[in-house]
Amino acid sequence: MQKTAKLALADGSVFTGTAFGADGEVHGEVVFNTSMTGYQEILTDPSYCGQIVTMTYPQIGNYGIVPEDVESSGIALQGFIIRELCEIPSNYRATQTLDEYLKAAGVIGLQGIDTRALVRKIRTVGAMTGVLSTVDLDDESLVKKAQSSPQLVGQDLVSQVIPQSACEWEEGLSELAQSSSTHSFAGNTIDTLKENEGNTGCDYHIVAIDYGMKWNIARHLKQLGCKVTILPGNCTAQDVLDLNPDGVFLSNGPGDPEPLTYAIETIRGLLGKVPIFGICLGHQLLGLACGCKTFKLKFGHRGANQPVVNQDTGQVEITSQNHGFAIDPDSMPDEVEVTHINMNDNTVAGLRHKTYPAFSVQYHPEASAGPHDSHYLFQQFFESIKQAQVSS
Ligand SMILES: NC(=O)CC[C@H](N)C(=O)O
């Protein structure tokens with residue numbers, strides 16, 4: 001029997017559809033993702049903590065759930081909204097349907113609403129707080145709850161998703177990921193790249209500071225030959241330096257970067273002492289540590305086809321993105337320069353410190369899901385480590 005679920009937004013609108021996944025009630029910032037594939041990677045990306053995610057692609061669930069494709073140990077997002085659930089997936093790798101997966105994880109799903117109308121509203125009004133419920137179906141009550149639920153700005157959501165302790169990361173890319181990555185390396189496999197380009201990270205010890213890291217980043221670093229030590233996002237600069245790393249990686253993560261003063265302080269303590277590479281939240285935190293400011297975008301960038309232009313080469317990369325905040329270019333101190341720009345709205349998509357070996361991007365070179373155009377950034381990180389070692 002079909003069960004009703006409702007989404008109410010803080011602006012007073014209510015969307016009524018059919019429930020799938022778990023029962024209950026949640027609140028969160030309602031955002032949308034335009035990727036045609038990758039719902040499993042989106043569900044398990046810890047950066048969505050505190051958010052209710054709507055997919056714009058009309059049918060979701062077609063290839064089921066594959067245990068080895070997860071980006072973290074669980075689902076951090078609050079709720080999942082789609083136009084239509086595919087109930088009979090077709091994929092030899094799948095072990096579960098999307099419905100079964102969300103039920104087991106206790107995550108509420110809503111299907112059968114006009115997701116295009118919802119996305120147009122978010123684009124017009126901006127990302128809003130919403131309440132998703134299968135238990136309270138009273139419109140007025142739900143709208144009131146949406147209006148009184150906390151906003152995402154100003155909250156520290158990282159503390160909800162960071163690992164409890166340090167660990168060594170041992171997993172490389174899956175065989176399938178390795179073979180599909182070959183396209184993006186101009187016909188080279190990762191192994192031939194290692195042989196041809198010499199030191200592509202082999203033997204480097206990378207400390208990855210985990211603010212809610214997508215596992216495919218660690219898989220890439222491992223696959224490229226690094227020893228990868230993961231430290232929780234609340235570590236100190238001394239914790240990192242005690243491990244004597246060759247390079248430090250700053251991960252993606254959820255929510256507003258500005259309240260994360262402990263992370264910003266740690267990065268300040270590392271700048272100039274060790275080469276740094278940051279992705280997404282890691283990029284925003286590096287910027288803040290260098291003296292930049294961040295601001296909230298109207299509705300963010302979440303999808304797998306965001307065009308970014310590299311200011312050094314003039315080349316355009318098609319990138320995977322998931323963020324709601326960005327670096328304010330007017331706040332940049334002289335020591336920092338913009339390296340990449342998002343071509344949809346000219347926001348800052350990459351930066352570099354002019355004197356210290358430290359750079360970062362607002363998007364996801366590890367893809368998962370998405371194109372592999374930006375994989376070269378891992379090589380760039382290794383190059384900056386090599387140069388730092390030569391000149392020291
Ligand atoms: N994927 C991420 O790291 C997201 C960064 C940050 N939480 C934002 O929304 O902008």
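Trainee: How much of the chain is made up of buried residues?

Mentor: First the idea: a residue is buried if 20 or more other C-beta atoms lie within 10 Å of its own, exposed if 12 or fewer, and partly exposed in between, with C-beta atoms placed from the backbone. Here, buried residues account for 50% of the 392 residues. Keep in mind that this is a predicted model: local features need pLDDT of at least 70, side-chain atom pairs count only at pLDDT 80 or more, and totals for chains, interfaces and linings use all residues. Residues are numbered from 1 along each chain as its sequence is written.

Trainee: How many helices and strands does the chain have?

Mentor: Those are DSSP runs numbered from the N terminus: helices are H or I with at least four residues, strands are E with at least two. In this chain there are 11 helices and 19 strands. The radius of gyration is 21 Å, close to the 21 Å of the globule rule for 392 residues, so the chain is as compact as a globular protein of that length. That radius is taken over C-alpha atoms, and the rule is 2.2 Å times the number of residues to the power 0.38.

Trainee: Which domains does the chain have?

Mentor: Domain bounds come from an automatic or database domain assignment. For this chain, the assignment gives domain 1 (4–148) and domain 2 (158–391). Their C-alpha centres lie 28 Å apart.

Trainee: How many residues of domain 1 are in contact with domain 2?

Mentor: Contact means that the C-beta atoms of two residues, placed from the backbone, lie within 7 Å. By that test, 22 residues of domain 1 touch 24 residues of domain 2. On the domain 1 side, β3 (25–33) and α3 (115–125) are the elements giving two or more residues, and β3 has the largest share, with three.

Trainee: Let's zoom in on a helix. Which residues of α9 are buried?

Mentor: In α9 (residues 261–270), they are Ala263, Thr266, Ile267 and Leu270. They cover an arc of only 95° around the axis, which puts them on the same side of α9. That arc is the one made by the directions from the helix axis to the C-beta atoms. Thr261 and Glu265 are exposed, on the face turned away from the buried side.

Trainee: What do the buried residues of α9 pack against?

Mentor: Their partners are α8 (237–242), β13 (247–250), β14 (276–279) and α10 (281–289). After α9 comes Gly272, with a positive phi near 85°.

Trainee: Which residues are around the ligand?

Mentor: A residue is near a molecule if its C-beta atom, placed from the backbone, lies within 6 Å of it. Among those around the ligand are Ser47, Cys280, Asn322 and His323. Strand β16 (residues 316–327) gives the most to this shell, with four residues.

Trainee: Where is Ser368, and is it buried or exposed?

Mentor: Ser368 sits in the loop between β19 and α11, and it is buried, with 26 other C-beta atoms within 10 Å. Its phi is near 55°, a positive value in a residue other than glycine. A cis peptide bond, with omega about -5°, joins Ser368 and Ala369.

Trainee: What about Asn244, buried or exposed?

Mentor: Asn244 counts as exposed, with 9 C-beta neighbours inside 10 Å. Asn244 is in the loop between α8 and β13, and its phi is positive, near 50°.
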